Amino acid sequence: MNPRLRHWREAATLLLAAGAPARLPRSPLGPFDYELLLLQRSPRSGFAPSAHVFPGGLVEAADFSADWLGLLPASPQCGLGLVRPPPPGSCRAPLFATDREPLGSPLPGEVAFRICAIRETFEEAGILLLVPGRGPAGGSGPAPPLPAERLPPAAELSEWRRRVQEDPACFLQLCRHLGCVPNIWALQEWSNWLTPVERAGRGARRYDTAFYLCCLERRPPLTSQDDREVTAFLWSSPPEAIERFKSQEIWFPPPQFYELCRLCNFSSFRELHKFSSDRALEGCERWMPVMLTASDGDIELLPGDELYPEDPDYTGEKKIIMSTDKKVEDVMKEGSVFHRIVIKNINNLAVYVNIQAKYKHVNPLMINSDCSDYNSRL
């Protein structure tokens, strides 16, 4: 972890997709043959209370422990490939580009953040994304679940989960006990979101979060909330999740909405896995939304948008406020280069993107929160 951070904490989250029988969703996008895991945060949470989010949490010192090098492969990246240099005009997200050795850890950030996402998924949902031996896992398809014979009895596993929740260092002990390692090779770098200054939670909490995507062959046999940080869970296809959001059954913060719209490009689990695997070493840039307050709503501006500041106020120390007396509709009519999320209220969001996606990625389908597909990118 990075003890020098003052304005935000580093974190990792996991878009966990599992193959499922294709069925007609409650949306016009047709059948999807996979589901995503969404967890409902506790209403007592200091950040996004009661929201449905992807599993994940804060990076801990234990995730950067040198002891992991005794379990994982000995190559410089523990068997992970080297990410390619960023395209011209871009830079690697600082979260990943930071050299961790001067900070006291020989473990690369690419490894530690994956360990964090896997550990948090176990803590919050009871799902163990491990592989026997030292890894990496064989095969090129979606990751298989850990064989049942490698798992301890339910009561023992529950006790391990409690211990890991109390002390993250116990996750390494659990891996040693099972003769397994975290399946870091099944996690593909997907995106990096930094909490906007205006969206900080209680105590000015902000997070620089690595988003990973993992494709599992099938849904794990057991998913359970921890009844502490997480009060419920939901397996849902991306368009179904958006439809539930529209009907106000659930809500999620703008980054989750954006990523669900991006996943709506893929109705086929095989296509999603192939796409994420093919661009696995392309990397990503850091996105910090900048808020523009209009008279009847907010617009979260993202890099590439024509209104995005040349020198964003990352720390909030400049106290820059962007506002207009115009309505959102008027702001939209005046613009032509978009990368933004329009927010009317917590259950009324819309994504507008017509810039070229970088890093061989894909732009979100422009689906607003009433699940209308505009069938274009403006």
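## Definition and basis

A salt bridge is taken here as a side-chain nitrogen of Lys or Arg within 4 Å of a carboxyl oxygen of Asp or Glu. The model is predicted, so local features require pLDDT of at least 70 and side-chain atom pairs count only at pLDDT 80 or more, while totals for chains, interfaces and linings use all residues. Residues are numbered from 1 along each chain as its sequence is written, and side-chain values rest on heavy atoms, with hydrogens and water left out.

## Salt bridges within helices

Among the 21 salt bridges of the structure is that of glutamate 259 with arginine 262, at 3.1 Å from N to O. Both residues belong to helix α6 (residues 254–263) and are three residues apart, about one turn of the helix; helices (H or I, at least four residues) and strands (E, at least two) are DSSP runs numbered from the N terminus. Glutamate 259 is buried at 0% relative accessibility, and arginine 262 is buried at 3%. Buried denotes under 20% relative accessible area, exposed over 50%, and partly exposed the range in between (1.4 Å probe, protein chains only).

In helix α3 (residues 154–166), arginine 162 and glutamate 159 are likewise three residues apart, and their closest N and O atoms are 2.6 Å apart. Here arginine 162 is partly exposed at 39%, as is glutamate 159 at 35%.

Arginine 219 bridges to glutamate 35, with closest N and O atoms 2.4 Å apart. Because arginine 219 lies in the loop between β8 (207–216) and β9 (230–236) and glutamate 35 in strand β2 (residues 32–41), the pair ties together parts 184 residues apart in sequence. Arginine 219 is partly exposed at 39%, whereas glutamate 35 is buried at 8%.

A network of salt bridges links Asp63, Arg119, Glu120 and Glu123.
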